[in-house]
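Open the model in your viewer and keep the sequence panel beside it. This tour goes stop by stop, saying what to select and what is there.

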Amino acid sequence: MARLLSLHDAIEELVHDGDTVAMEGFTHLIPFAAGHEMVRQRKRDLTLVRMTPDLVYDQLIGMGCVRRLVFSWGGNPGVGSLHRFRDAVERGWPQPLEIEEHSHAAMAAAYAAGAGGLPCAILDGYLGSDLVRVNPNIRSIRCPFTGRALAAVPAIRPDVTIVHAQRADREGNVLIEGIVGVQKEAVLAAGRAIVTVEEVVERLRPPSPNSVVLPGWTVAAVAVAPGGARPSYAHGYYRRDNAFYTAWDAISRDRERFAAWMREHVLSGPEGPP
């Protein structure tokens with residue numbers, strides 16, 4: 001059964017320097033509070049995995065927490081580039097960043113393979129893609145039944161997966177509602193999982209048709225973090241802060257302005273974005 005811990009204690013105990021950490025959540029339920037706690041605890045040498053790294057990964061990269069990034073798309077949704085990400089790749093600031101880029105389909109398949117205990121994922125993809133030339137972890141195999149060429153990528157098996165959800169009950173069962181991405185697969189693929197939630201309740205209530213329940217045995221720790229997905233949104237709790245995503249473009253372009261914002265809004269305490 002998952003343990004109920006403070007966010008500080010969950011990150012301190014379960015995320016170690018050098019770990020491979022997946023932080024998933026698509027459009028909403030992005031675990032910003034957990035990412036900020038990793039910054040405050042000065043986690044280092046991390047390999048971060050995420051299908052769509054956006055602002056929280058920009059912040060972790062800019063604060064020197066990340067050595068390597070495995071991803072399938074990166075940007076500030078609806079706005080433009082991730083400037084801390086670009087600075088690390090192009091200029092090695094604050095430190096060089098290794099990247100491994102995949103397609104969305106390959107990342108989803110790799111999570112599913114990790115969840116299923118398989119060594120790799122096989123998919124019908126990458127035909128005509130230049131990623132094959134730059135990513136040595138994209139291989140080609142022959143179907144033993146048809147002889148057809150298929151793509152293969154290593155399974156994703158994070159040391160830690162972190163997701164945000166709406167609710168957990170006191171037994172550690174977790175309810176995710178709304179747009180569901182690969183949270184289930186990422187949790188099942190991980191050695192250990194942390195879930196931040198808006199609230200802990202006595203009963204989860206009947207789930208909506210578009211939802212996932214993670215049983216308590218799949219989760220190592222649950223941490224209550226109201227607003228823990230801001231400035232993204234949590235379906236049924238609060239809306240996306242579109243103005244902040246726009247403002248981040250200017251904040252993150254300049255190293256000194258970025259560092260000042262992080263000192264004021266992240267390093268000074270658990271409040272997070274205004």
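Predicted model: local features only at pLDDT ≥ 70, side-chain atom pairs only at ≥ 80, totals over all residues.

**Stop 1**

Start with the second largest pocket, whose lining takes at least three residues from each of domain 1 (3-102 + 157-259) and domain 2 (104-154). The volume of this pocket is about 190 Å³. Select V70, E100, P154, A155 and I156: of the 17 lining residues, these are the closest to the centre of the pocket. Next, colour β3 (46-50), β4 (66-71), α5 (104-115) and β8 (149-154), the elements that each give two or more residues to the lining. Which element gives the most to the lining? That is α5, with three residues.

Now colour the lining of the second largest pocket by residue type. There are 10 nonpolar residues, four polar ones and three charged ones.

**Stop 2: the two domains**

The domain assignment lists domain 1 as 3-102 + 157-259 and domain 2 as 104-154. Between the C-alpha centres of domain 1 and domain 2 the distance is 25 Å.

The size of an interface is often expressed as the accessible area lost when the parts come together. Here, domain 1 and domain 2 bury about 1400 Å² between them, and carbon and sulfur atoms give 66% of that area. Select M51, H102 and R157 to find the three residues that supply 43% of the area domain 1 buries against domain 2, more than any other three.

How many salt bridges cross the interface of domain 1 and domain 2? The rule finds zero there.

**Stop 3: a salt bridge**

Side chains of opposite charge can pair when their charged atoms come close. In the structure there are 19 salt bridges. To look at one of them, select E13 and R3, whose closest N and O atoms are 2.5 Å apart. This pair links distant parts of the chain, with E13 in helix α1 (residues 7-14) and R3 in strand β1 (residues 3-4), 10 residues apart.

**Stop 4: backbone exceptions**

Most peptide bonds are trans, and most residues other than glycine have a negative phi. The last selections depart from this.

- Select W93 and P94. The peptide bond joining them is cis, with omega about 0 degrees. P94 sits in the loop between α4 (83-91) and β5 (98-101).
- Select R230 and P231. The bond from R230 to P231 is also a cis peptide bond, and its omega is near 10 degrees. The loop that holds P231 runs between β13 (221-224) and α8 (242-253).
- Select L29. Its phi is near 55 degrees, which is positive although the residue is not glycine. L29 belongs to the loop between β2 (20-23) and α2 (32-40).

Key. Residues numbered from 1 in each chain as written. Heavy atoms only, no water. 1 Å grid on protein atoms, 1.4 Å probe; cavity = no way out; pocket = protein on both sides within 12 Å on 5 of 7 lines; lining within 4 Å. Points joined across faces, edges and corners; volume = space filled by probe spheres on them. Helix = DSSP H or I, 4+ residues; strand = E, 2+ residues; numbered from the N terminus. Nonpolar A, V, L, I, M, F, W, Y, C, P; charged D, E, K, R; others polar. Domains from an automatic or database assignment. Buried area = accessible area lost by both parts, 1.4 Å probe. Salt bridge = Lys/Arg side-chain N within 4 Å of Asp/Glu carboxyl O.
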